[in-house]
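User: I have a protein model open and would like to talk it through. Could you guide me?

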Amino acid sequence: MSFHPALTLRRILSIARKEVRQLARDKFSAAFVAAMPLAQLLIFGYAIEQDVRHVPTAVVDLDHSSVSRLLVGRLAATQTFDIGHIARSELEAQRLLEHGEVEAVVSIPADYARQYYRGSGVEVSIWVDATNPTVARAVRASADGLMQTMNRRLQPFFVDDTEVALRAPRSRDTFAASAEEDRTQHVRFAVLSYFNPELRTSLFVVPGLLGVILTTTMILMTSLAIVREREHGTFEFLIATPVRRSELMIGKILPYIVIGFLQIAMILAAGVVFFALPIRGSLLDLAIASVFFIAANLVLGLVISALTTSQYQATQASFFFFLPSVLLSGFMFPFDAMPEPAQWLGEMLPLTHYARIVKAILLRGADLSTQWPALAALTVFFLVGFALATVVFRKELG
């Protein structure tokens, strides 16, 4: 076959025109091409916030003085601490930390005002949930910055003469090794990292990956379920059978629940062996929560499968849901640092709630009963998704 540049160009342009017409007729692909860049722009440009702010914080004020209240105000002014709970005791504050209701606790000692005015040194404890090392480091940095600011302001009020300070008697209540150092340590914040004292990133990533992997596989596999039946020519056979629509939905879901548990077992085993992942809570609680999470993702996949007409479209729609789940669930970026609209969207994603449950059970040893808001959200998502999948499938039958 001889080579004719003009004919070759005509054939290439003919194929290109055919492809453009095919894309124009495929409204789903056209909408995907337009919506995906816009969604990525909004998520990455607006919702993702690297700076950690508004960390849910509880305060244990054992001093109940104007000076301690002033300290609480200064902590809130940093915008790192979001003071939302006032605990009556350190035990109550510790329970809030273990249940995941707060991520930091500020404990002000009973003699804070007395030691503050004496200038002999006062220590304020800050406990931080270090299951997210990024949040723990931000809390420590904010506390250190506030401590340096307060000590610089307090220094002229206590000692003006270096020679007098050097001759001052030593006190067991002071922090520094010398009088010169002691002059700059009137207030100290002791930050204690709970649940992950070494600040290992793997302890934060592995539990989150458990939900991410399940989201990917469960939605993708079930989104292809009904579409595959159509493409293989067995969809008409399903319609002709006496199987009810709800029975068909449940039958499609059950095998993938078993597959999901096999994936959970593999991920946990690999996490323990390779990353020394602690399992401080009950595996039974984790299994119960996983059933609701897997089922919620499966019904979403069935909705996608019923709404699409090809496996290509089903894959596109699955990816469109997968991207916000990863970015807005708190897996990659601190959830509390995101703007409120992004948090509202994240609360509507199953991965957000499942990630909270997994971290609470595995890393903090919490009971499933303390995670009932997240479990209730997964239940609602499953029920709504199952009803929607059944309704959409009925329309397809018509």
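User: What kind of model is it, and how are residues numbered?

Analyst: This is a predicted model, in which local features need pLDDT of at least 70 and side-chain atom pairs count only at pLDDT 80 or more, while totals for chains, interfaces and linings use all residues. Residues are numbered from 1 along each chain as its sequence is written, and side-chain values use heavy atoms, with hydrogens and water left out.

User: How many helices and strands are there in the protein?

Analyst: The protein has 17 helices and five strands. Helices (H or I, at least four residues) and strands (E, at least two) are DSSP runs, numbered from the N terminus.

User: What percentage of the residues is buried?

Analyst: Of the 398 residues in the protein, 47% are buried. Buried means under 20% relative accessible area, exposed means over 50%, and partly exposed lies in between (1.4 Å probe, protein chains only).

User: And what share of the contacts joins residues 24 or more positions apart?

Analyst: Among contacts with a separation of 6 or more, 79% are between residues 24 or more positions apart. Contact means heavy atoms within 4.5 Å.

User: Which residues have the most contacts inside the largest nonpolar core?

Analyst: They are Met-249 and Tyr-354, in a core of 42 residues. A nonpolar core is a set of buried Ala, Val, Leu, Ile, Met, Phe, Trp, Tyr and Cys residues joined through side-chain atoms within 4.5 Å.

User: Which elements give two or more residues to this core?

Analyst: These are α9 (201-223), α12 (245-275), α13 (283-307), α16 (350-362) and α17 (372-397). The largest share, nine residues, comes from α13. Another core, of 31 residues, lies apart from this one and includes Val-52, Val-59, Ala-143 and Val-191.

User: Back to Tyr-354. What is Tyr-354 in contact with?

Analyst: Leaving aside neighbours within four places in sequence, Tyr-354 is in contact with Leu-210, Gly-211, Leu-214, Ile-264, Leu-286, Ala-289, Ser-290 and Phe-293.

User: How do α9 and α13 pack?

Analyst: Two packed helices are described by the angle between their axes and the distance between the axes. For α9 and α13, the angle is about 35° and the axes are 7 Å apart. Axes are lines fitted to C-alpha atoms, for helices over the stretch in contact, and angles run from 0 to 180 degrees between N-to-C directions.

User: Which residues make the contact?

Analyst: On α9 they include Gly-211, Leu-214 and Met-218, and on α13 they include Phe-293, Asn-297 and Gly-301. By class, the contact has nine nonpolar, seven polar and no charged residues. Here Ala, Val, Leu, Ile, Met, Phe, Trp, Tyr, Cys and Pro count as nonpolar, Asp, Glu, Lys and Arg as charged, and the others, Gly among them, as polar.

User: Is Val-303 buried or exposed?

Analyst: Val-303 counts as buried because its relative accessible area is 8%. Val-303 is placed in helix α13 and touches Gly-385, Leu-388 and Ala-389, not counting residues up to four places away in sequence.

User: Why does His-353 count as buried?

Analyst: His-353 counts as buried because its relative accessibility is 7%. His-353 is found in helix α16. Its contacts, leaving aside neighbours within four places in sequence, are Glu-347, Ala-374, Ala-377 and Leu-378.

User: New topic: where is Ser-142, and what does Ser-142 touch?

Analyst: Ser-142 is in helix α6 (residues 133-158) and is buried, with a relative accessible area of 14%. Not counting residues up to four places away in sequence, Ser-142 touches Thr-78, Thr-80 and Phe-81. A polar contact of 3.3 Å joins the side chains of Ser-142 and Thr-80. A polar contact is a pair of N or O atoms within 3.5 Å; within protein, one must be able to donate a hydrogen and the other to accept it, and residues adjacent in sequence count only if both atoms are side-chain atoms.

User: Lastly, what is the phi of His-54, and what is the phi of Gln-79?

Analyst: His-54 has a positive phi of about 55° although it is not a glycine, and the phi of Gln-79, also a residue other than glycine, is near 70°. His-54 lies in the loop between α2 (27-47) and β1 (55-61), whereas Gln-79 lies in the loop between α3 (66-77) and β2 (81-87). His-54 is partly exposed at 40% relative accessibility, and Gln-79 is partly exposed at 38%.
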